[in-house]
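Keep the model in view while reading.

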Amino acid sequence: MLLLIQDVIDVEEFIIDVYNHFVNSQPRKLELQEFCEFVSTDYKTVLKHVTTRWLSLERVLSRVMDLFGPLKSYFLSTGESFPSLTLHTVSQSDQVYIAV
């Protein structure tokens with residue numbers, strides 16, 4: 001299945017939004033851990049990206065991509081509005097490609 005997204009996705013905004021969603025909420029972190037177990041993925045802490053330390057972008061993005069399946073399931077099940085993730089969840093596949 002080929003998915004074409006016409007809008008530009010700001011990757012930095014996306015990973016910062018994901019981090020901010022979980023950073024101060026232990027119940028959300030526990031729910032994400034449960035989703036990781038459900039999809040047989042090892043839970044890893046969502047890392048923080050700081051724009052002034054641009055070298056952290058690859059490490060943080062890699063972590064978010066590792067957790068993409070559980071993150072997708074989490075946000076779809078909660079029904080919470082999360083605009084920067086919505087563009088990614090329109091696909092039926094958990095495969096995500098990022099072109100640089």
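pLDDT is the predictor's confidence in each residue, from 0 to 100. A contact means heavy atoms within 4.5 Å. Both terms are needed, since this is a predicted model. Over residues 85-91, pLDDT stays under 50. The model has 17 contacts beyond four places in sequence for that stretch. Residues 1-8 also stay under 50 in pLDDT. For residues 1-8 the model has six contacts beyond four places in sequence.

Now take the protein as a whole. Its mean pLDDT is 76. Of its residues, 71% reach 70 or more. Confidence is highest in helix α2, residues 26-38, at a mean of 92. Confidence is lowest in helix α5, residues 83-89, where the mean is 48.

What is the pattern along the sequence? It reads α-α-α-α-α. The protein has five helices and zero strands. It holds 100 residues, and buried ones make up 31% of them. Consider next the contacts with a separation of 6 or more: 63% of them join residues 24 or more positions apart.

Start with helix α1, residues 11-22. At 1.5 Å a residue, its 12 residues should span 16 Å. The C-alpha atoms at its ends are 17 Å apart, which agrees. Which residues of α1 are buried? They are Phe14, Ile15, Val18, Tyr19, His21 and Phe22. Seen down the axis of α1, the buried residues fall within an arc of 160°, so they line one face of the helix. A general rule applies here. An α-helix has 3.6 residues a turn, so residues three or four places apart point the same way.

Next comes the core. In soluble globular proteins, nonpolar side chains tend to be buried together. Here the largest nonpolar core has 18 residues. Those with the most contacts inside it are Phe14, Ile15, Val18, Phe22, Leu32, Val46 and Leu71. Helices α1, α2, α3 and α4 each give two or more residues to this core. The most come from α1, which gives five.

Isoleucine 15 lies in helix α1. Its relative accessible area is 1%, under the 20% cut-off, so isoleucine 15 is buried. What does isoleucine 15 touch, leaving out residues up to four places away in sequence? The list is His49, Leu57, Val60, Leu61 and Val64. Take leucine 57. Isoleucine 15 and leucine 57 are 42 residues apart in sequence. In space they are 8.8 Å apart, C-alpha to C-alpha.

Now turn to a charged pair. The count of salt bridges comes to one. Lysine 44 forms it with aspartate 66, and the closest N and O atoms are 3.2 Å apart. Lysine 44 lies in the loop between α2 and α3, while aspartate 66 lies in helix α3, so the pair ties together parts that are 22 residues apart in sequence. Helix α3 covers residues 56-66. Lysine 44 is partly exposed, at 31% relative accessibility. Aspartate 66 is also partly exposed, with a relative accessible area of 40%.

One more residue deserves a stop. Serine 40 is in the loop between α2 and α3. Most residues other than glycine have a negative phi. Serine 40 is not a glycine, yet it has a positive phi of about 55°. Is serine 40 buried or exposed? At 70% relative accessibility, it counts as exposed.

Notes: Residues are numbered from 1 along each chain as its sequence is written. This is a predicted model: local features need pLDDT of at least 70, side-chain atom pairs count only at pLDDT 80 or more; totals for chains, interfaces and linings use all residues. Side-chain values use heavy atoms; hydrogens and water are left out. Helices (H or I, at least four residues) and strands (E, at least two) are DSSP runs, numbered from the N terminus. The expected span of a helix is 1.5 Å times one less than its number of residues. Buried means under 20% relative accessible area, exposed over 50%, partly exposed in between (1.4 Å probe, protein chains only). The arc is that of the directions from the helix axis to the C-beta atoms. A salt bridge is a side-chain nitrogen of Lys or Arg within 4 Å of a carboxyl oxygen of Asp or Glu. A nonpolar core is a set of buried Ala, Val, Leu, Ile, Met, Phe, Trp, Tyr and Cys residues joined through side-chain atoms within 4.5 Å.
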